[in-house]
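This briefing concerns the packing and the charge pairing of one protein model. The structure is shown first, and the notes follow by topic.

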Amino acid sequence: MTYRFFNPARAAGATGLTAEVYRQLRDEFLGPVPTFQALSAVPDLLAATCALMREALLAGDASRVDRELVASAVSRANRCRFCVDAHVMLLHALGEHALAEAIARGGTPSEPRHAELVGWAEASRSPAAAAWTGRYRPEVTGTLLAFHFINRIVSALLDPDLLPGGLQRSPVVRSVGGRLYARTAREPKEPGRSLPLLDAGTTAPPAWAGDRPVGVAYASLRTAALRGGDLLGDVARSTVAATVRWEDGQFPARPAEWAVDLVRDVPGTDRVGTRIALLAAFAPSAISAGDVALWRLSHPGDADLVRLVAYGAITATDHVARALSSAHL
């Protein structure tokens with residue numbers, strides 16, 4: 001596994017909140033996996049992302065198979081190869097070998113209920129066009145939102161190959177890897193354990209979550225990730241927000257050219273940052289080394305790059321979440 005633009009600090013040297021998060025990851029995820037290490041430069045963002053992942057994907061009594069299926073399907077809709085591979089492997093870990101391979105091939109599950117769930121998850125990429133809304137349990141919905149965010153972080157900051165040479169795309173490797181994680185994947189997790197790591201000043205949980213810990217975790221992530229917008233001016237933030245609304249998750253055919261056109265009216269000092277945030281929202285793997293090099297001329301630290309990518313990612317994710325919220329008004 002390699003990182004695209006920087007190498008995070010070693011997990012063994014972590015202190016403070018980051019160390020606390022890593023301890024929980026060792027208990028429940030078999031260690032600080034690369035997805036989370038990529039966020040370690042911004043501890044509050046790391047904690048909130050891990051909390052949402054735990055409370056949505058792992059905790060509670062909703063079907064873990066349903067949640068892994070949603071994680072895989074959303075990742076497929078967002079073209080995040082890394083996350084598709086990882087969660088297909090976890091479907092194998094849960095004993096769902098035929099289902100895992102159907103998803104890996106880009107197919108539709110044979111069981112109607114699973115096929116409906118996959119269709120629902122994939123349609124969320126463009127919620128306005130699909131007249132999409134929520135009709136599943138809070139943990140399933142939380143998993144969907146978690147992966148809209150995480151897919152974008154992963155595609156922006158990590159290499160798409162989970163194993164050297166893309167070995168994870170071999171059916172044999174997927175099946176064997178799943179068996180290695182089987183015991184951990186099947187252990188029940190008590191809801192709420194991640195919440196003490198979160199910022200107490202976060203906003204109220206969204207309506208779709210009720211009083212579930214997954215709602216607290218999503219609200220905390222939204223608050224932490226939106227702070228990245230402070231790196232941009234008002235015109236730049238308005239450009240990102242408006243583009244997310246009107247483009248509604250559509251993939252730009254030529255992301256680099258598309259982003260250049262959109263930032264022409266943004267003040268010069270904000271053009272590079274706006275471009276990165278827009279690409280993070282729509283086509284994160286298209287963020288280039290050149291984009292990052294230009295951004296680092298004024299923002300040399302890794303933390304500001306992570307914050308900016310997270311801002312684009314949460315703006316796109318919250319576009320999906322708003323479709324859920326409108327259904328509860």
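In this predicted model, Arg 64 and Glu 68 are both buried. The two residues form a salt bridge whose closest N and O atoms are 2.8 Å apart. Because they stand 4 residues apart in helix α4 (residues 64-77), about one helical turn separates them.

**Other salt bridges**

- In total, the structure contains 21 salt bridges.
- Asp 291 and Arg 275 pair through their side chains, with an N to O distance of 2.6 Å.
- Asp 302 counts as partly exposed because its relative accessibility is 28%, a value between the limits of 20% and 50%.
- A network of salt bridges links Asp 27, Glu 28, Arg 54, Glu 55 and Arg 193.

**Nonpolar core**

- The largest nonpolar core has 99 residues, and the members touching the most others are Leu 45, Leu 144, Phe 149, Leu 157, Ile 287 and Val 309.
- Helix α15 (residues 302-326) supplies the largest share of this core, with 14 residues.
- Beyond its neighbours within four places in sequence, Ile 287 is in contact with Arg 4, Phe 5, Ala 156, Ile 276, Leu 279, Ala 280, Val 292 and Val 309.

Notes. Residues numbered from 1 in each chain as written. Predicted model: local features only at pLDDT ≥ 70, side-chain atom pairs only at ≥ 80, totals over all residues. Heavy atoms only, no water. Core = buried A, V, L, I, M, F, W, Y, C linked by side-chain atoms within 4.5 Å. Buried < 20%, exposed > 50% of the residue type's maximum accessible area, 1.4 Å probe, protein only. Helix = DSSP H or I, 4+ residues; strand = E, 2+ residues; numbered from the N terminus. Contact = heavy atoms within 4.5 Å. Salt bridge = Lys/Arg side-chain N within 4 Å of Asp/Glu carboxyl O.
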